[in-house]
Amino acid sequence: MLAGAACRAEPANHRLYGVPCLIDIASQLCVRAVIRAAVSEGEVRLNLSALMMERFPRWLIERLFTIGHIAECSGWRAFIVGGFVRDLILGKPNLDIDIMVEGDGIALARELSETYGAKLTVYERFFTATLHMPDGRRIDIATCRRERYERPAVLPEVEPASAEEDLLRRDFSINAIAVHITPSRFGDVLDVCRGIPDLQCGLIRILHERSFIDDPTRAFRAVRFEQRFSFKIELQTEHLMRDAIKAGMISLLTRDRIKHEWIRICYEPNPAACIFRMAEFDMLRWIDEALSLDGELKRRVLFNLPEAEGLTRSAGVAYERWLLYLMPLIDGADFESAVSICRRYSLSAKHSQALLSSLSTDKVIQAVSLPMQPSAIKAYLDALPVEVIAYAIAKAIAMGFRRALDSLITYLKNYINARPDVTGSELISAGIPAGPWIGAALREALKAKLDEGCDKTRQLEVALKVAKGIAAVVSRGAKIGEEGRNTRSRKRDKIAPDHREYTKSDD
Ligand code: ATP
């Protein structure tokens with residue numbers, strides 16, 4: 001373990017279970033009213049059962065108790081652990097139950113799946129299982145284990161171990177706090193990595209010096225938790241993280257793992273803050289060399305993305321956040337580099353097209369800065385992926401392009417979901433035969449609505465006129481076609497005998 005974490009409120013050499021330390025922690029944590037330092041068998045212990053009773057719904061307490069009871073019947077210790085415990089102490093809602101068992105986690109999961117009628121997924125290689133409960137919730141159950149990394153950045157080999165060892169293999173001290181759920185010790189805290197003092201101090205601290213080398217995804221995780229909780233990456237952790245990044249450890253990860261971490265970063269409450277921090281750690285170029293946050297404009301655009309997202313969301317359109325947040329980073333890259341990112345990370349055709357078209361955002365901004373009829377704006381922007389529109393909004397704000405911004409916002413507010421007031425079935429009821437002209441007619445009706453503010457009656461008139469016009473042209477065309485076909489077949493009849501003769505003689 002790293003010695004002497006730079007903890008503001010605690011002396012560096014505090015004893016983990018020392019009375020002053022516990023009382024201090026209990027008094028400073030937001031949960032102080034419900035954490036109690038229990039004295040049991042001469043040892044001062046922190047017990048969170050009162051906090052759990054207060055924070056968890058009754059069904060959850062019952063569920064944890066049942067799991068603990070079944071484990072205890074087999075002579076095993078069972079704990080809640082990880083983010084679930086961290087968030088309990090921080091007072092953040094989290095119902096992703098993470099259980100670790102000093103025993104056989106998979107056997108426990110099998111028994112629980114019968115008890116609850118839950119579906120079970122087992123990952124034998126990692127000694128873990130997931131219960132998919134009938135109420136739609138999931139419970140992750142793992143056998144306590146130690147890990148061995150054959151090489152940097154590969155998935156580890158694991159073997160069963162004690163609860164204490166399991167905590168030591170984890171990423172950060174704040175994620176390595178366990179709480180007993182076996183009934184005899186329900187609520188007792190096991191905090192061998194001093195996660196509670198770090199939670200109190202707001203520190204992200206790794207647990208051993210090779211942590212980022214073994215698993216460079218922890219660099220992404222460090223940034224993520226630091227920004228999510230407004231914590232600080234502890235000094236020595238920061239040095240080791242910088243060293244691992246500089247040594248190119250991120251590039252040893254598989255693309256899938258990097259992509260997964262990127263997506264998780266982008267679904268944080270404040271992805272922009274995480275990305276700024278990643279840029280400070282020089283992480284971006286290891287994801288791909290075409291990514292950068294260089295220049296004031298890119299930073300301003302990134303800063304404005306949440307506002308653009310808000311506008312997009314209020315239009316009720318779905319977008320991919322992880323794609324949107326790539327756009328400022330790739331802006332200014334050449335087309336080939338962008339194509340290479342799409343290939344490296346196996347983006348789908350749709351996502352690749354969105355990313356590549358974001359390279360032309362300046363042209364979009366220029367285009368919508370010019371005076372245009374509403375229907376023309378709609379037709380132009382409808383053809384673009386919504387992420388590009390959100391990105392163009394952020395960029396227009398950053399560049400101070402008011403007209404473009406107004407057009408883009410108006411599009412999202414008024415045009416993106418606009419429909420004509422008349423429907424296809426109304427046109428058919430009015431005597432128009434079903435056919436492709438219905439769509440064209442409805443487009444004209446919408447144009448009349450958007451550009452001229454026409455009411456429904458007028459839209460219907462416009463649509464009928466267009467539909468009849470097209471239908472007439474099409475049927476005239478069909479007649480001409482038929483006549484043409486008849487003439488041709490007559491000609492063929494004339495030619496055919498000669499042709500037959502020709503082929504005959506050819507034989
Ligand atoms: P979140 O709130 O983002 O879901 P979490 O801490 O619950 O955070 P998970 O990815 O679900 O994150 O992981 C659960 C627990 O597993 C973590 O709290 C941590 O103890 C451990 N863990 C996850 N990833 C790693 C890793 N890369 N290295 C070591 N331990 C990890």
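This is a predicted model: local features need pLDDT of at least 70, side-chain atom pairs count only at pLDDT 80 or more; totals for chains, interfaces and linings use all residues.
Pro160 counts as partly exposed because 16 other C-beta atoms lie within 10 Å, while a buried residue would need 20 or more and an exposed one 12 or fewer.

Leaving aside residues up to four places away in sequence, Pro160 touches Phe127, Thr143, Cys144 and Arg145. One of these, Cys144, is 16 residues away from Pro160 along the chain, and the C-alpha atoms of the two are separated by 5.7 Å. Another, Thr143, is the bridge partner of Val101 and lies in strand β7.

## Strand β7 and its two partners

Strand β7 spans residues 138-143, and five of its six residues are buried, so the strand is largely enclosed by the rest of the structure. Strand β4 (residues 97-102) pairs with β7 in the parallel sense, over five bridges. Within this part of the sheet, Val101 is bridged to Thr143 of β7.

Strand β6 (residues 128-132) also pairs with β7, here in the antiparallel sense and over five bridges. His132 has Arg138 of β7 as its bridge partner. The strands β6 and β7 form a hairpin, with five residues between them. In the turn of this hairpin, Gly136 has a positive phi of about 90 degrees.

## The sheet as a whole

Strand β7 is part of an open sheet of seven strands, whose order is β5-β6-β7-β4-β3-β10-β11. The pairing in this sheet is mixed. At its edges stand β5 (119-123) and β11 (189-190); each has a single partner strand, so one side of each is left without a neighbour in the sheet. In a regular strand, side chains alternate between the two faces of the sheet.

Helix α3 (residues 58-73) lies across β3 (77-81) and β4, and runs at about 150 degrees to β3. Helix α4 (residues 83-90) lies across β3, β4 and β10 (178-180), and its angle to β3 is about 60 degrees.

## A pair of helices

Two packed helices are described by the angle between their axes and the distance between the axes. For helix α9 (residues 217-229) and helix α11 (residues 255-266), the axes come within 10 Å and cross at roughly 0 degrees. The helices α9 and α11 are therefore roughly parallel to each other.

On the α9 side, the contact is made by Thr217, Phe220 and Arg224. On the α11 side, the residues are Arg257, Glu261, Arg264 and Ile265. Sorted by class, the contact has two nonpolar, one polar and four charged residues.

## Around the ligand

The residues around the ligand are Gly82, Gly83, Asp96, Asp98, Arg170, Asp171, Asn175, Ala176, Asp215, Thr217 and Arg218. By class, this shell has one nonpolar, four polar and six charged residues. Thr217 is listed around the ligand and also takes part in the contact of α9 with α11.

## The whole chain

The protein chain has 25 helices and 13 strands. Of its 507 residues, 38% are buried. Among contacts in the chain with a separation of 6 or more, 64% join residues 24 or more positions apart.

Definitions and conventions. Residues are numbered from 1 along each chain as its sequence is written. Helices (H or I, at least four residues) and strands (E, at least two) are DSSP runs, numbered from the N terminus. Two residues are in contact if their C-beta atoms, placed from the backbone, lie within 7 Å. A residue is near a molecule or strand if its C-beta atom, placed from the backbone, lies within 6 Å of it. Ala, Val, Leu, Ile, Met, Phe, Trp, Tyr, Cys and Pro count as nonpolar, Asp, Glu, Lys and Arg as charged, and the others, Gly among them, as polar. Two strands pair if DSSP finds at least two bridges between them. Axes are lines fitted to C-alpha atoms, for helices over the stretch in contact, and angles run from 0 to 180 degrees between N-to-C directions. Angles under 35 degrees count as roughly parallel, over 145 as roughly antiparallel, 65 to 115 as roughly perpendicular and the rest as oblique.
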